[in-house]
Amino acid sequence: MLLRRSSLVILMSLGCLVGCAHVPDVASHGALERPAAGPSKASWVSPGVVAVGAGGALGVKAEAPPPLEFVTPEGRDALAALMAADPRELPEEAGVIAAALEAAALFTGPALWDELLPPPSKQARGIVARAAQLVGARRLDRSVPNDCSGLVRLAYLQAGIDLVAHGFLAGENAVTGIFRRAQAAGAVHRLNPRPGDLAFFKETYDRNRDGKRNDGMTHIAVVERVDADGTVTFIHRGGKGVSRSRMNLAFPTVHRQAKGALLNDFIRPASKGLRAYLAGELFVAFASPGGL
């Protein structure tokens with residue numbers, strides 16, 4: 001696809017700005033290791049998070065907590081690093097990229113902005129379309145569990161991908177099993193999500209009822225779209241059925257901006273003296289459908 005001269009100017013400007021972001025040394029630190037440095041925690045504090053009532057898609061349904069047991073030691077280490085990562089330390093690159101994309105979109109307008117992004121593949125469009133068809137449903141097809149894993153399985157079957165064809169390890173839940181498959185295929189990533197990607201979340205509810213955040217990876221969704229400011233809209237099966245929620249990894253602890261724009265929906269309600277948690281706070285990783 002040929003770009004107009006104005007498109008090339010914006011693309012070159014984006015390259016200059018994004019090039020200022022620190023990129024971790026993947027060769028020495030591992031592809032799934034979090035960036036070595038990030039903004040200070042104080043800069044990400046959102047006083048309204050605790051006080052704001054839990055809204056959005058709450059009561060997220062999940063399966064048994066996953067063990068950190070994978071086929072290889074590398075798999076265990078990679079997942080442990082993702083689970084332990086502080087989302088507030090993730091967006092050194094994400095924040096710069098999101099700012100660049102938002103500025104470009106505001107300057108060029110939506111039509112020109114579309115030229116700068118590759119369109120989703122036919123496979124990804126099919127996944128998103130199937131997930132969107134199910135929005136509002138409280139019961140899924142009987143061929144899959146009526147939970148978050150069942151939703152993504154139905155969506156990916158539309159593209160001919162059976163996410164659980166590889167089977168499960170002993171004691172492993174569906175979310176962790178799907179993550180293990182994505183990890184083995186090299187499809188796991190944490191930046192630049194695209195429509196049709198899987199999104200994994202941790203500790204979205206208190207599975208073992210001990211009042212602590214120690215339940216492991218518990219929720220999965222399908223990315224529907226990504227706005228120019230980096231806000232991800234994803235489709236998932238929560239306690240109230242299939243719905244859409246939002247997440248912005250440049251501001252993982254911010255529910256709503258001062259101007260009113262909603263950045264992160266609550267994905268875990270307040271309970272047992274614990275505050276509600278936002279989608280950006282409980283995010284683990286994305287996975288692209290291409291290699292699955």
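In this predicted model, helix H7 comprises residues 122–133. At 1.5 Å a residue, its twelve residues should span 16 Å, and the C-alpha atoms at its ends lie 17 Å apart, which agrees with that expectation.

Which residues of H7 are buried? They are Ala124, Ile127, Val128 and Ala131. These four cover an arc of only 95° around the axis, so they are on the same side of H7. Lys122 and Gln133, by contrast, are exposed, and they sit on the face of H7 turned away from its buried side. The cover over the buried residues of H7 includes helix H8 and strands S3 and S4.

Two of these covering elements, S3 and S4, belong to a sheet. Six strands form this open sheet in the order S1-S8-S2-S3-S4-S5, with antiparallel pairing. Strand S1 (188–189) and strand S5 (241–247) stand at the edges with a single partner strand each, so one side of each has no neighbour in the sheet. H7 packs on the sheet, where it touches S3, strand S4 (232–238) and S5, and its direction makes about 110° with that of S3. Helix H8 (residues 148–157) lies across S2, S3, S4, S5 and strand S8 (283–287), and runs at about 40° to S3.

Within the sheet, strand S2 (residues 198–202) and strand S3 (residues 217–226) run antiparallel and are joined by five bridges. Leu198 stands opposite Val222 in S3. In general, strands of a sheet pair through backbone hydrogen bonds.

Methods:
Residues are numbered from 1 along each chain as its sequence is written. This is a predicted model: local features need pLDDT of at least 70, side-chain atom pairs count only at pLDDT 80 or more; totals for chains, interfaces and linings use all residues. Side-chain values use heavy atoms; hydrogens and water are left out. Two strands pair if DSSP finds at least two bridges between them. Helices (H or I, at least four residues) and strands (E, at least two) are DSSP runs, numbered from the N terminus. Contact means heavy atoms within 4.5 Å. Axes are lines fitted to C-alpha atoms, for helices over the stretch in contact, and angles run from 0 to 180 degrees between N-to-C directions. The expected span of a helix is 1.5 Å times one less than its number of residues. Buried means under 20% relative accessible area, exposed over 50%, partly exposed in between (1.4 Å probe, protein chains only). The arc is that of the directions from the helix axis to the C-beta atoms.
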